[in-house]
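These are my notebook entries on one structure.

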Amino acid sequence: MFWTRILPVFLMLLVPHSVLAETTSLADVIRATLNNSPDIPVNALSIDNAKIEQQRIEGMLDSNVSMRLGYSDEKVPTASAFAANKTQYSQLSGALTKPFENGSTLTGGLNYNRTKLTYPSSTPPTFQSSINPSYQNQIDLTYRYPLLRGHGNPAYHDQMTASKQDEQAAHWRVEMLKEQLAEQATVLYFQLTANNLSYKLAKDAVYRAKKLLKYQKMREQFGLIERADRLQAEALLATRRMELNITEATAIQGKTNLNRLMLRAPNAFLNPELNGGIFSSNNIVELSLDHLLAEAEKSRPAFRVIEANLDASDARLAAARNQHETQVDLVGQVGSRSLDSSSGTALAQGFTLNDRFVSLSVELSDTLTGNRTKASIRQAELSRQQAMLEQIQTRESVKSALASALTTLNSTQKIVISAKQRAKAENSKFNAEMKRYREGRSDTATIIQFEGELRKAELQTAVQEASLKLAVHQLELARGNLLPALEADKHPNHSHKEVK
């Protein structure tokens, strides 16, 4: 007798504590889903693309350098005895253009050349060029400042602003994807919790049916009941075994679905906490729908995406409208000129203003009708209008999700309370009827009916409790609190199994 009592305790001590208490928390499941999902790095590439676009736009301020080195030899017949019939021309030219953030450009140009003329032998030296070969050097600085189109360089600033907002939108889209994956993991997690509870209750029902059948067989042997009563107990056990197989298959399928969401083997260890979760249903605070929506608008990535799209649309619209303006530029130019028979002297004199060129002008150009720029403006306006409509659409969608989650939460709380009361009452009713049955004051059919009602009540209670936990987390997800809470919970309980 002593060993029958002590043996179970001794066996429990031999089993590692981690096996008995090891569970998988919802936080572990969500983290594993986010860490292993291939969709997140694929969508994160759009962030890098936006950064590359910013680098391309930054290139609009890059300096441009050009250079030309050439030689020509031209010999032509001439009708005049005093004209050169051969010209040898060598040239070195280059230009450096620097755009500025205000839209203006500064261009520096250099043109250094050598010209040698050859005359017919009959041409007297008096009529030949006095500087031959001649070296010329020309240096110019040209400053162009836009007065209308391009003023303030919106092509650079607005496009850069739009690209940065595109980067922000891409970032928040990744966060939206994380929310969606977290929601899938949460739903599957609590579904598996409900399935496991159903499986546990089904095993309890099989145990009760076996116990009843054993009792019926014993009574049949003493002639206290008829064979039909024993057959009813056998039929009940067969039904409960079938239900056990169904619930087991459902639980295995739910486990497979959740494991595959985490990209793990279908049969990998997964034991969700029966009372687990990130948020507790005991700490629910009554909040109005408008307050919940205001919270969501501050924290949900869907709203951040739309805000970034609106800012990008505004920037592109401003740039498109500027491109529709008339091109009016103020152009100033100053340059040096030199001419000499010595290459070094001509080069040196080019850096002085002894001989110079100065000009100031206004240049105007425009495109008639401007269909291309009008189309760009209209396209930017439609993009902004689309973002505004999406903002309204998202707000109403989130509001509906909040209202649905809030309604489900409030109603499920009441259902859980009544379901627990019913399960308790059904258990008391079944135990009382079993006592009457043993005393011969009830029949087998009534016992089987009461056992079925007890199982139904227990199952409904388990399902409603899991539904309540799911409703709590869906409400927090709609509020935008799930991922921040997961981020804050960096150190889960060590008794939880770390999902890898």
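Predicted model: local features only at pLDDT ≥ 70, side-chain atom pairs only at ≥ 80, totals over all residues.

**Entry 1: helices α6 and α11**

I applied the term to helix α6 (residues 227-261) and helix α11 (residues 444-479). I found that α6 passes α11 in a right-handed crossing. The two helices pack at an angle of about 15°, and their axes are 9 Å apart. Angles under 35 degrees count as roughly parallel, and α6 and α11 are therefore roughly parallel to each other.

I then listed the residues in contact. On the α6 side I recorded Asp 229, Gln 232, Ala 233, Leu 236, Arg 240, Glu 243 and Thr 247. In α11 they meet Thr 444, Ala 445, Ile 448, Glu 451, Gly 452 and Arg 455. By class, this contact of α6 with α11 divides into four nonpolar, four polar and five charged residues.

I checked the length of each helix. The 35 residues of α6 reach 51 Å from the first C-alpha to the last, close to the 51 Å expected at 1.5 Å a residue. For α11, the 36 residues should span 52 Å at 1.5 Å a residue, and the end C-alpha atoms are 53 Å apart, which agrees.

Leu 263 follows α6 and has a positive phi, near 60°. Gly 480 follows α11, and its phi is also positive, near 90°.

**Entry 2: helices α7 and α8**

At what angle do α7 and α8 pack? I read about 60° between helix α7 (residues 289-299) and helix α8 (residues 301-323), with their axes 5 Å apart. The helices α7 and α8 are therefore oblique to each other. Their crossing is right-handed.

The contact joins Ala 296, Glu 297, Lys 298 and Ser 299 of α7 to Pro 301, Phe 303 and Arg 304 of α8. I count by class three nonpolar residues, one polar and three charged in the contact of α7 with α8.

**Entry 3: the sheet**

I traced an open sheet of six strands, in the order β1-β2-β3-β4-β5-β6, with antiparallel pairing. At its edges lie β1 and β6 (356-365), each of which pairs on one side only. On average, neighbouring strands of this sheet are turned by 15° against each other, direction ignored.

Working across from β1, I noted these pairings and partners.

- Strand β1 (residues 64-75) and strand β2 (residues 86-99) run antiparallel and are joined by 12 bridges.
- Asp 73 stands opposite Gln 88 in β2, and Gln 88 has Lys 116 in β3 as a bridge partner.
- Between β2 and strand β3 (residues 105-118), I found antiparallel pairing over 14 bridges.
- Ser 93 has Asn 111 in β3 as its bridge partner, and Asn 111 stands opposite Gln 138 in β4.
- Strand β4 (residues 134-146) pairs with β3 in the antiparallel sense over 11 bridges, and Thr 107 stands opposite Thr 142 in β4.

**Entry 4: turns and loops**

I turned next to the backbone between the strands. Most residues other than glycine have a negative phi, and most peptide bonds are trans. I looked for departures from this background.

How many residues lie between β2 and β3 in their hairpin? I found five, and Gly 103 in the turn has a positive phi of about 100°.

Which peptide bond is cis? I identified the bond from Asn 132 to Pro 133, with omega near 5°. Pro 133 is placed in the loop between β3 and β4.

Asn 153 is not a glycine, yet its phi is positive, about 55°. I located Asn 153 in the loop between β4 and α5 (154-221).

Terms used: Residues numbered from 1 in each chain as written. Heavy atoms only, no water. Pairing = 2+ DSSP bridges. Helix = DSSP H or I, 4+ residues; strand = E, 2+ residues; numbered from the N terminus. Expected span 1.5 Å × (residues − 1). Axes fitted to C-alpha atoms, helices over the stretch in contact; angles between N-to-C directions. Parallel < 35°, antiparallel > 145°, perpendicular 65-115°, else oblique. Left-handed = near helix turned anticlockwise from the far one by under 90°. Contact = heavy atoms within 4.5 Å. Nonpolar A, V, L, I, M, F, W, Y, C, P; charged D, E, K, R; others polar.
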